[in-house]
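User: Hi! I'm new to reading protein structures. Could you walk me through this one?

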Amino acid sequence: MSVLICGSFAYDNIMVFPDQFKNHILPDKVHMLNVAFLVPELRREFGGCAGNIAFNMKLLGDEPVPMGTVGSDFATYAAWMDKYSIIRRHVHVKDEHFTAQAYITTDIDDNQITAFHPGAMNLAHETKISEAQNITLGIIAPDGRDGMIQHAQQFADAGIPFIFDPGQGLPMFDGEDLLQFARQATYIALNDYEAQLFEDRTGLPPGEIAKLVEALIITRGAQGSHIYTEGKRIDIPCAKAEKVVDPTGCGDAYRAGLLHGILHGKDWEMTGRIASLLGAIKIEQHGTQNHQFTIESFATRFEKSFGMQLS
């Protein structure tokens, strides 16, 4: 059984400015801004939603199949995927473009200035669901707008159940777009901010959105998550993290847990807790693909976190 993960691949370039932006930006000169920040600390991480979700599913012992478009500079990321034996036959290289890039500068107050170059991600619509074989489940994560629309239709036409996970791409779509995704999807996954934006654009509160799909999952950070299904709401507790280091990528880790649970026929109580624990493990490390665990250690921590055995 394989899960097709449609979404982005990106390099995250993370820089730390050991001062406060406000000390270097003159309020009366913002109309002619010309500033430079010395950033002695720099990390380059492998990221993008498809890459992150696939990495987490691989740690759980699954065989994820990511699909996306990348640029001529993808070689180091490809080597990383090969190291973890993540299938990349549906990761298409566009030689005339760069892989998507995020440049993030953070000051000591955790304020951020981010520039994002989508690059090859904007060509996601050139990939097709029909390219992949033996797919039993899918997810549409943030990607190029046209690609997300086309892949949803292709999943629906093929009768393959999938999660619609718009993430930071949600503002690209109006209310009718979002309702169409809901009609096509089997599940919807949102964080609490995205759920409010979804409601504002469609006019539907969570209970009504949930009627359009088999399950609506809303994550709420340290407050856990809610799963709306079959006319009820299941409350999933937040797994306790040993330390909070970097929340970037926690949502992708959570979604990998959802896919794992659905793929293996687990109930929502179990599926939500697997997803919750994955998010807690990720938040303890910098970057989105630097955490590690074995199936045995995951099961032990699961029982410790929730007082129940991992089935």
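**A chat about the structure**

Analyst: Happy to! Let's begin with Phe-17, which counts as buried because its relative accessibility is 6%. Keep in mind that this is a predicted model.

User: Which ring does Phe-17 pair with?

Analyst: Phe-17 forms an aromatic pair with Phe-21. The two rings are stacked, with 5.8 Å from centre to centre and 5° between the planes. The structure holds 19 aromatic pairs.

User: And Phe-21, is that one buried or exposed?

Analyst: Phe-21 is buried, because its relative accessible area of 7% is under the 20% cut-off.

User: Which residues make up the aromatic cluster with Tyr-11?

Analyst: That cluster is formed by Phe-9, Tyr-11, Phe-46, Phe-55, Phe-74, Tyr-77, Trp-80 and Tyr-84. Tyr-11 also has a charge over its ring: the charged end of Arg-44 sits there, 3.9 Å from the ring centre.

User: Nice. Switching topic: how many strands are in the open sheet, and in what order?

Analyst: The open sheet has nine strands, in the order E5-E4-E1-E8-E9-E10-E11-E12-E13, and their pairing is mixed. At the edges are strand E5 (91–94) and strand E13 (232–236), each of which pairs on one side only. From one strand to the next, the twist averages 20°.

User: Do E1 and E8 run parallel or antiparallel?

Analyst: Strand E1 (residues 2–6) and strand E8 (residues 135–140) run parallel, and five bridges join them. To find one of these on screen, look for Ile-5, whose bridge partner in E8 is Ile-139.

User: Which helices lie across E1 and E8?

Analyst: Helix H1 (residues 49–59) is one of them: it lies across E1, strand E4 (64–71) and E8, and runs at about 150° to E4. Helix H3 (residues 145–158) lies across E1, E4, E8 and strand E9 (162–164), running at about 155° to E8.

User: What does E6 pair with?

Analyst: Strand E2 (residues 10–16) pairs with E6 in the parallel sense over seven bridges. One example is Val-16, whose bridge partner in E6 is Thr-106. Strand E7 (residues 112–117) pairs with E6 in the antiparallel sense, over six bridges. There, Thr-105 has Ile-113 in E7 as its bridge partner.

User: How many residues sit between E6 and E7?

Analyst: Five residues lie between E6 and E7, and the two strands form a hairpin. In the turn, Asp-110 has a positive phi of about 65°.

User: I clicked on His-24. Where is it found?

Analyst: His-24 is in the loop between E2 and strand E3 (41–47). With a relative accessibility of 37%, His-24 counts as partly exposed.

User: What is His-24 in contact with, leaving aside its neighbours within four places in sequence?

Analyst: With those neighbours left aside, His-24 is in contact with Phe-17, Asp-19, Val-35 and Phe-37.

User: Last one: what does the UniProt annotation say, and which residues does it cover?

Analyst: The unreviewed UniProt entry carries the annotation "domain: Carbohydrate kinase PfkB" for residues 35–290. Over residues 35–290 the chain is 35% helix and 24% strand, with the end C-alpha atoms 32 Å apart.

Notes:
Residues numbered from 1 in each chain as written. Predicted model: local features only at pLDDT ≥ 70, side-chain atom pairs only at ≥ 80, totals over all residues. Heavy atoms only, no water. Pairing = 2+ DSSP bridges. Helix = DSSP H or I, 4+ residues; strand = E, 2+ residues; numbered from the N terminus. Axes fitted to C-alpha atoms, helices over the stretch in contact; angles between N-to-C directions. Contact = heavy atoms within 4.5 Å. UniProt positions renumbered as here; feature names shortened; annotations may be inferred. Phe/Tyr/Trp six-rings, centres within 6.5 Å; stacked < 30°, edge-to-face > 60°. Buried < 20%, exposed > 50% of the residue type's maximum accessible area, 1.4 Å probe, protein only. Lys NZ or Arg CZ within 6 Å of the ring centre and 35° of its normal.
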